[in-house]
Amino acid sequence: MNAFLLYLRYISVSIRAQMQYKISFWLQILGQLLGTVIEFFGIWALFTRFNSIGTWTLSEVALFYGMINISFACADALGRGFDSFSKIIKNGDFDRLLLRPRTTVLQLLGIEFTLKRIGRFSQGLAVMGWSLSTLHIPFTIQKLWLLSTSFIGGVALFVGIVIIQATLTFWTLESLEIMNILTYGGVETAQYPLSIYSKWFQRFFTFLIPLACVNYFPLLAVLEKERDFLVPLWFCYVSPIAGILFLIIALKLWKLGERFYCSTGS
């Protein structure tokens, strides 16, 4: 509980720092919002031309788009400290984190709570709300469970990916850009139903990086299309747990990486 209160203190300090330059802050939020609006406009133009992708309509794809974007926006805001970890380790600032009587994970999560991600989050939430209202999906307990666990699992998955990227920095010093395939590339992938991709691609994002487990399968149940793709209904309810398990594995790898850290000596 003490660690949680300290983390809230970290967030409070980060927000106050970002609000020092209010015009810059609002322009950054606007930039994030407009960038994602243009992105969804491209999807809309695609469906205007071809009407559907397989059996999927624009309203259905919008649900996948909205959910993955709000999940990624929250994960990106929370994990900014890990995303910029290469600078911390090259400057020797990680030594200071090790000397403090708190876990390095807590300190890195608290370095910056990136509030400008509200732009992406708001746009994703609006698109998802439009999708749910257009498809007339009722807000039952079952639907709320699926939506909430999909969101939590998605946040956990993307935070886990960023932690693994930071862990590799213990050996590489430089942040590996190839990991962006799993973060930004994962967002681009999950904006569409996974069934439109090749089988090997589906297996990769199901068993190795469980992106399908946190986004595709639970939303299949929300759309009541799990029978069309021969997916057990019970699996759709429990599959988002894979995102939390992925985060736990990432934290274990982080602890392993810390053992191999060598100070810069500065």
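**Close-up 1. The loop that holds Glu-224.** Glu-224 sits in the loop between helix 12 and helix 13 (233-238), shown here in a model that is predicted. Most residues other than glycine have a negative phi. Glu-224, although it is not a glycine, has a positive phi of about 60°. Its relative accessible area is 59%, and because exposed means over 50%, Glu-224 is counted as exposed.

**Close-up 2. Asn-51 in the loop between helix 2 and helix 3.** Asn-51 is placed in the loop between helix 2 and helix 3, and its phi is positive, about 70°, although the residue is not a glycine. With a relative accessibility of 61%, Asn-51 counts as exposed.

**Close-up 3. Helix 3, seen along its length.** Helix 3 covers residues 58-78, and its 21 residues should span 30 Å at 1.5 Å a residue; the end C-alpha atoms are 30 Å apart, so the model agrees with this expectation. Of these 21 residues, 19 are buried, which means that helix 3 is largely enclosed by the rest of the structure. Ser-59 is found in this helix, and because its relative accessibility is 12%, under the 20% that marks a buried residue, Ser-59 counts as buried. Leaving aside residues up to four places away in sequence, Ser-59 touches Trp-130, Ser-131, Thr-134 and Leu-135.

**Close-up 4. Helix 8 and the helices it packs against.** Helix 8 (residues 118-134) has 17 residues and reaches 24 Å from its first C-alpha to its last, which is close to the 24 Å expected at 1.5 Å a residue. An α-helix has 3.6 residues a turn, so residues three or four places apart point the same way. The buried residues of helix 8 are Gly-119, Arg-120, Gln-123, Gly-124, Val-127, Met-128, Ser-131 and Leu-132. These buried residues pack against helix 2 (22-50), helix 3, helix 9 (141-172) and helix 10 (184-190). Helix 8 is followed by His-136, whose phi is positive, near 55°.

Close-up 5. Rolling a probe the size of a water molecule over the atoms shows where empty space is left. The structure holds two cavities of 30 Å³ or more, and the largest cavity contains about 90 Å³ of space. Its lining consists of Phe-72, Ala-75, Asp-76, Asp-83, Phe-158, Val-159, Val-162, Gln-165, Asn-180, Thr-183 and Tyr-184. Helix 3 and helix 9 each supply at least two residues of this lining, and helix 9 gives the most, with four residues. By class, the lining of the largest cavity divides into six nonpolar, three polar and two charged residues.

**Close-up 6. The second largest cavity, beside helix 12.** The second largest cavity has a volume of about 40 Å³, and the residues that line it are Ala-190, Tyr-192, Leu-194, Leu-211, Ala-212, Asn-215 and Tyr-216. Helix 12 (residues 211-222) gives the most to this lining, with four residues. In the lining of the second largest cavity there are six nonpolar residues, one polar residue and no charged residues.

**Close-up 7. The largest pocket, lined in part by helix 11 and helix 12**. About 290 Å³ of space lies in the largest pocket, whose lining includes Lys-199, Gln-202, Arg-203, Thr-206, Phe-207, Tyr-216 and Phe-217. Helix 11 (199-208) and helix 12 each supply at least two of the lining residues, and helix 11 gives the most, with five. The lining of the largest pocket divides into seven nonpolar, three polar and two charged residues.

**Close-up 8. The second largest pocket, with helix 4 and helix 5 in its lining**. The second largest pocket has a volume of about 210 Å³. Of the eleven residues that line the second largest pocket, Arg-80, Asp-83, Ser-84, Ser-86 and Lys-87 are the closest to its centre. Helix 4 (80-83) and helix 5 (85-90) each supply at least two residues of this lining, which by class has one nonpolar, five polar and five charged residues.

Close-up 9. In the model, residues 25-47 are 100% helix and 0% strand, with end C-alpha atoms that lie 34 Å apart. Residues 229-251 are 74% helix and 0% strand, and the end C-alpha atoms of this span lie 33 Å apart.

Conventions
Residues are numbered from 1 along each chain as its sequence is written. This is a predicted model: local features need pLDDT of at least 70, side-chain atom pairs count only at pLDDT 80 or more; totals for chains, interfaces and linings use all residues. Side-chain values use heavy atoms; hydrogens and water are left out. The expected span of a helix is 1.5 Å times one less than its number of residues. Buried means under 20% relative accessible area, exposed over 50%, partly exposed in between (1.4 Å probe, protein chains only). Contact means heavy atoms within 4.5 Å. On a 1 Å grid over the protein atoms alone, a cavity is a set of points where a 1.4 Å probe fits but cannot get out, and a pocket is an open set with protein on both sides within 12 Å along at least five of seven lines; lining residues have an atom within 4 Å of a point. Grid points are joined across faces, edges and corners, and a volume is the space filled by probe spheres set on the points. Ala, Val, Leu, Ile, Met, Phe, Trp, Tyr, Cys and Pro count as nonpolar, Asp, Glu, Lys and Arg as charged, and the others, Gly among them, as polar.
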